[in-house]
Each structure stands twice: as C-alpha cells, then as structure tokens.
Amino acid sequence: MLAIFNKEVVQPPQELNSPAPSDSAKRPQEIVKDFMSCHDPNNAFSVCFGNTAMLAYVPPNNPYPIQQRLFCSLDNIYCIFLGSLNNLCSLNKQYGLSKCTNEAMFVMQAYRTLRDRGPYPADQVLKDLDGSFGFVIYDSTAGTVFAALGANEGVSLFWGIAADGSVVVSDNLGVIKESCAKSFAPFPAGCMFHSEQGLMSFEHPTRKMKAMPRIDSEGVMCGANFKVDVQSRVHNMPRVGSEANWATWGPSSPA
C-alpha cells in the first residue's frame, strides 16, 4: 500500500527529515507511477485527490493471506487497513455495525462516529483493538489524515519525506527507501498520527514522544526513530459536549 499527502495537509515531525543532502528523493507523481509499474495494472489501482493526496492499493495475491490488506471508502473517507482484529465481532456489536463488517470498514466507521460525536478519546478506542494492525485514513472532506500502528509489531509501516516535502506512508520498505532517500523511518508501534495534532502514543497518551537519531550502515544520518519519553508528561485535551470530536485529541500542555 502507498499513501502520499501534501505538506500543506500533513506536517510530520521535523526530525523525520535527514540532514544529509540528497537529490535522489522522488516527487509524488513519480512515486505513484513507479509503485503502479511494479504491479499488475488489472489488480492494482490508485486514487488522486488533486495535489492534496494520493492513495495506491494492491490486493493480496493469495485469497487467504497471512496478513490482510483491505481498502474501503464511504462518504469521502478512505481507509487502507493492514492486519486483522481478534475482537472484530465484539467491536462491530459495540458500534452497532453488521456482522459482515471487515476491519477496514470498522475503522472507517469508528473514525466517522468519533469525529462527529467524540464519545471517547482516540487513544482509548485504539487500545480496545486486539490484534495486529496498521491503517491510514484520509478524510477528503475535512482534509485530515489519521494513521495508527498496533503495539505488538505484527504489522510494519514506514513513513518518509518526498522531494517536495510530501509525507509518504507504505508497508513496503523498498518503496520508502527509493522514494525518500535517507528521510524515512519506521512508523512507531503503539502510536497514532493526526494531521492536526501530530504524533502521540496511544499506549502511553500522557507521555510525550521524542526523536532518537538514527545512522545507517553507511554512517549517514537518516530520519529519526520516535520513542515514548518516559520522563515527560502531557495532559489530554478536555472534551465538552458534541463539539469534543475525535479530531481534537492529543496532548495540550506539559504537566
């Protein structure tokens, strides 16, 4: 899978940029073109949202894959989901969804419900997901991006910076390396990223994230890894009434 978001939509942590000069990073159109050229055009597809976002998806070749890869959309919300949820049946029941709702449909519906109504903080919702998962949601109406990766590291995601400053997300490390040169890193497990509130840990929502410098085998400084700073503490944003939607989650100020 591949997701690319313009720098006007997503502002990633500055430390994801490598300080090493490079002219090998690609622009978004070239990244998508190269990604699609590596797959059967009858099986893969891409969606472009002007200069704002691009999504590309390839279904698994095996009808019964070890790791699911799902895509769905509804009401201008698009979701790519990797992995599986062990408690999907109980989650569907909790949210009033049908038994045939798959993981991508559930995550998208949960996002929409919490965006509009905000009954729970996002970190609590993600903690309730039992399984190996990673997903990227693009809400084209709101112009927001939400991504998360499960804590058990059963699924891998990587993110990086394209030549024009766009954010690139993929489960394919080779795609990220070729697209972003040295400005990339693994997406941190147990964490979520929202385009308006940034990166935070849903496992430890009261702790800040800190950048950890990363040097590759060639001795070149790459995009930083991000870890929970156990010495820090933040307060969650307060929620009041129906205006307290999912888009306002996140840390506000240090304790």
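Which backbone nitrogen does the side chain of Ser 170 reach? In this predicted model, where local features need pLDDT of at least 70 and side-chain atom pairs count only at pLDDT 80 or more, while totals for chains, interfaces and linings use all residues, it is the backbone nitrogen of Asn 172, at 3.0 Å. Residues are numbered from 1 along each chain as its sequence is written, and side-chain values use heavy atoms, with hydrogens and water left out.

Ser 170 sits in strand 9, which covers residues 167-170; strands here are DSSP runs of E with at least two residues, helices are runs of H or I with at least four, and both are numbered from the N terminus. Ser 170 counts as buried because its relative accessibility is 0%, the label being for anything under 20% relative accessible area, with exposed meaning over 50% and partly exposed in between (1.4 Å probe, protein chains only). Setting aside neighbours within four places in sequence, Ser 170 is in contact (heavy atoms within 4.5 Å) with Met 1, Leu 2, Leu 157, Phe 158, Val 175 and Ile 176.

Cys 89 lies in helix 2, residues 88-94, and is exposed, at 67% relative accessible area. Its C-alpha atom is separated by 20 Å from that of Tyr 120, which is 31 residues away along the chain.

Now for the whole chain. The protein has five helices and 16 strands, and buried residues account for 48% of its 255 residues. The radius of gyration, taken over C-alpha atoms with a globule rule of 2.2 Å times the number of residues to the power 0.38, is 18 Å, which agrees with the value near 18 Å for a compact globule of 255 residues. Along the principal axes, the C-alpha atoms fill a box of roughly 50 × 50 × 35 Å. Of the contacts between residues at least 6 apart in sequence, 61% join residues at least 24 apart.

As for nonpolar cores (buried Ala, Val, Leu, Ile, Met, Phe, Trp, Tyr and Cys residues joined through side-chain atoms within 4.5 Å), the largest has 32 residues, and Phe 5, Trp 159, Phe 187 and Leu 199 have the most contacts inside it. A second, separate core has 28 residues, including Ile 77, Leu 114, Ala 148 and Met 192.

Finally, confidence. Mean pLDDT (the predictor's confidence in each residue, from 0 to 100) is 90, and 91% of residues reach 70 or more. Over residues 237-255 pLDDT stays under 50, although the model has 58 contacts beyond four places in sequence for that stretch. Where pLDDT is low, the predicted coordinates should not be read in detail.

Methods: A polar contact is a pair of N or O atoms within 3.5 Å; within protein, one must be able to donate a hydrogen and the other to accept it, and residues adjacent in sequence count only if both atoms are side-chain atoms.
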